[in-house]
Structures are given as structure tokens and as C-alpha cells.
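Work through the exercises below with the structure in view. Each task is followed by a solution in steps.

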Amino acid sequence: MRCSVLPLVVALLLLLPPVAMETQENDFKDGCQGAALQDGEHDCTWSCIIFTLQWPGGFCASLFNETLCRIPDGVTGWTIHGLWPQHAQRCCSCWPMFHSDVQELEDELAEYWPSLLTTRSRFQFWKQEWSKHGACAACVEGFNSPQKYFQISLKLRQSFEIQRILEDAGITPSCERRYKVAEVQSVLTPHVGDQYEIQCVVDHRDRQVWFQVKIQMSRDLTLGCSHPDAGSGTGSEPSPGHPCPPEVPFFYFPINHQQPERPCD
């Protein structure tokens, strides 16, 4: 399957007003971009990008330290873990991110890209994702600012309505029912293409628990990537998870705001 969500994303971005920046921040960023281009530090070496969604009920189940996890009250569905270009060898490390970069997106980011760790604020999470991944994607015009990078990520989250797709197929969070990889793949593949990974973690009772979906895309946001290195994982975020074993049914735990790390105990 080779369909693209890029036209929808670009069209929506064109309707958005520009974010107001402090003059000092603009000067710093312009200087940084110019220096990077002049020195060749920001050559675009990546062809594939991974859009990763995580399920809070599963993510928290992976943490054996019960004090680490939190699920904000407004979070009730799949959240963004990151948008990660692969094999980006040179990134604009001199380009910092300021709060003003995402100020107009903050409410939406708080709902769809929250920090689920008590040790990391949501802005710290966003800033980390920009410095590690966004600044690497920024050699592509559509990603070449923190505002654009996070806008595109939010639009992708809206385009991939995984929770609704699953619910329509009768796949819903449960403490009792388990699902098989093939069952979930039959539902997701028509919507996310055939280059994606369903990831699980093992909880404190040694149960396989679904917590993440990693969707492979091309630089133009076409589903799938035909680059020879696609799927090798280099350049993506280290994950506590693993591909869900095809032969072992897994749990899709509900979100429990009061007891996020053990939602079914």
C-alpha cells in the first residue's frame, strides 16, 4: 500500500497562523540555521521516518518502579511517543527549542503528546524530542522549525485514528480479554500500511502487554519506505518494548489514572 497523508497535513498547516517569536530567539535561530547550512552540518541523509504512538495503559505497566508513571486526567487515548527520522547522520545541534515555539500548540500537545513520567515535565519531553529527532528532520522544509515539526506530528496523530479503528473492530482495552498479533494486524494494515510494528512489554506478572505502534513512512509522509535501510531501526528511539510475539496473545490494558502502573490489579 502506498498512500500519503501529506496533502492533508500540508493543507491544514497552511491555514495555521505563524507563531510569534521573541526577536532574540529569532536572531539566534536564523544565525544557527545559516551556520549549519554554510558548514554543511545539516545535510539531509535520511529517507525514512517512524511515527510512534503509545498506549498509556501499556507504557505504565512496563515500569516496575510504581512512582515513575503518571497519566494526566485529560489523556484518554493513544498518545505520541515521537516522530523519528532514521539514519540522520548530521543534525542541527545548535538549534535549541524555546517555550514560545510551542506555546500556541501547548493545549493540544498536552493531550496528545504528554509526558507519562513523573521525573520529566511535558516541556522537557518535547524539548528532548526536538533536540534528538526534530532537529535531524529539519533539513526537510516541512519540518524546519519546532513549530512545524510538532504541528505535523499532531496532524499525523489525527490522521491515524487508531483507537476508533480498533473500537470499530471490537478491539477494546480489557483486563480479561487477550488479542493476537494477526487479529490486530488485520484491522490496522488497511489504515497504516504494511510496514509497522506492534510492540509489547512484559509486566510484573510476566504478561505480554501492548504498549506501542511504530509506523514506517517515507520522507514525504507516504506510508511505508522503500529505502534499503528501512526497518533496521537505526536512528529511532530506544524502546523498552519488543515486537509482540505472534504466537502469544497479549493484553490491551485500560487506562487507569489512579493506578496507572497496575491498571488491572
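A residue is called buried under 20% relative accessible area, exposed over 50% and partly exposed in between, with a 1.4 Å probe and protein chains only. The model is predicted, so local features need pLDDT of at least 70 and side-chain atom pairs count only at pLDDT 80 or more, while totals for chains, interfaces and linings use all residues. Residues are numbered from 1 along each chain as its sequence is written, and side-chain values use heavy atoms, with hydrogens and water left out.

**Exercise 1. Class of a residue**

Decide whether tryptophan 78 is buried or exposed.

Solution. The relative accessibility of tryptophan 78 is 2%, so this residue counts as buried. Tryptophan 55, with a relative accessible area of 1%, is buried.

**Exercise 2. A pair of rings**

Classify the pair formed by the rings of tryptophan 55 and tryptophan 78.

Solution. Start from the rule: rings of Phe, Tyr and Trp (its six-membered ring) pair if their centres lie within 6.5 Å; planes under 30 degrees apart count as stacked, over 60 as edge-to-face and the rest as tilted. By this rule there are 16 aromatic pairs. For tryptophan 55 and tryptophan 78 the centres are 5.5 Å apart and the planes at 45 degrees, so the pair is tilted.

Tryptophan 55 is in the loop between strand S1 (48-54) and helix H3 (56-61), and tryptophan 78 is in the loop between H3 and strand S2 (79-85), so the pair ties together parts that are 23 residues apart in sequence.

Compare a second pair: tyrosine 149 and phenylalanine 150 are edge-to-face, at 5.1 Å centre to centre and 80 degrees between the planes. Tyrosine 149 has 0% relative accessibility and counts as buried; phenylalanine 150 also has 0% and counts as buried.

Finally, ring pairs join Trp55, Trp78, Tyr179, Trp210, Phe250 and Tyr252 into a cluster.

**Exercise 3. A helix**

Check the span of helix H6 (residues 146-159) and find how many of its 14 residues are buried.

Solution. The expected span is 1.5 Å times one less than the number of residues. For the 14 residues of H6 this should be 20 Å, and the end C-alpha atoms are 20 Å apart, which agrees. As for cover, 11 of the 14 residues of H6 are buried, including Pro146, Ile152 and Arg157.

Conventions
Helix = DSSP H or I, 4+ residues; strand = E, 2+ residues; numbered from the N terminus.
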